[in-house]
Amino acid sequence: MEVPGSSKKMIATQEEMVEARVPIPYRDQCAHLLIPLNKCRQSEFYLPWKCGPERHSYEKCEYELVMERMLQMQKIREREAQLKAPQSAQSIPLAPKTANA
């Protein structure tokens, strides 16, 4: 399944996520890494020093998604600033600039 605006594909299906009882807010492009992480956590009684590789791969995937969204938002803001730039150049400044400023 393709997610609009993202370079990552959904690997886990809805049926797999329902079967693994993945909470709805966590059903993103990294859910396929969360399923084995949660299974490991349950089998290891949630000991914090266990399941390190699974946790690291899941957190790296989530980090990459956040960075991708931040870059997309930065591009949107730059586009909006370019559209507003010609309008502000035509407006009259409210306070005149002094010679030292």
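Q: In which loop is Arg21 found?

A: In this predicted model, Arg21 lies in the loop between α1 and α2, the latter covering residues 31-43.

Q: Is Arg21 buried or exposed?

A: The idea is to compare the relative accessibility of a residue with a cut-off, and exposed means over 50%. Arg21 has a relative accessibility of 73%, so this residue counts as exposed.

Q: What is the phi of Arg21?

A: The phi of Arg21 is near 60°, and this positive value occurs in a residue other than glycine.

Q: Which loop holds Cys51, and what is its phi?

A: Cys51 belongs to the loop between α2 and α3, where α3 is the helix of residues 52-90. Although Cys51 is not a glycine, its phi is positive, at about 60°.

Q: Is Cys51 buried or exposed?

A: Here the cut-off for buried is under 20% relative accessible area. With a value of 10%, Cys51 is therefore buried.

Q: Where is Ser6 found, and why does Ser6 count as buried?

A: Ser6 is in the segment before α1, the helix of residues 14-19. Its relative accessibility is 16%, and so Ser6 counts as buried.

Q: Which residues does Ser6 touch, not counting residues up to four places away in sequence?

A: One looks for residues whose heavy atoms come within 4.5 Å. With residues up to four places away in sequence set aside, Ser6 touches Gln29, Leu65, Glu68 and Gln72. The side chains of Ser6 and Gln29 are also joined by a polar contact of 3.4 Å.

Q: How many helices and strands does the protein have?

A: The protein has three helices and zero strands. Read along the sequence, the pattern is α-α-α.

Q: Why is the protein described as more spread out than a compact globule?

A: The radius of gyration is compared with the value that the globule rule gives. The C-alpha trace spans about 70 × 30 × 20 Å along its principal axes.

Q: What share of the residues in the protein is buried?

A: Of the 101 residues, 19% are buried. The accessible surface of the protein comes to about 8,500 Å², and carbon and sulfur atoms account for 60% of this area.

Q: How many positive and negative charges does the protein have?

A: There are 15 positive and 13 negative charges, and their mean positions are 6 Å apart.

Key
Residues are numbered from 1 along each chain as its sequence is written. This is a predicted model: local features need pLDDT of at least 70, side-chain atom pairs count only at pLDDT 80 or more; totals for chains, interfaces and linings use all residues. Side-chain values use heavy atoms; hydrogens and water are left out. Helices (H or I, at least four residues) and strands (E, at least two) are DSSP runs, numbered from the N terminus. Buried means under 20% relative accessible area, exposed over 50%, partly exposed in between (1.4 Å probe, protein chains only). A polar contact is a pair of N or O atoms within 3.5 Å; within protein, one must be able to donate a hydrogen and the other to accept it, and residues adjacent in sequence count only if both atoms are side-chain atoms. The radius of gyration is taken over C-alpha atoms; the globule rule is 2.2 Å times the number of residues to the power 0.38. Accessible areas come from the Shrake-Rupley method with a 1.4 Å probe; for residues, only the protein chains shown count as cover. Lys and Arg count as positive and Asp and Glu as negative; His and the chain ends are not counted. The place of a charge is taken as NZ of Lys, CZ of Arg, CG of Asp or CD of Glu.
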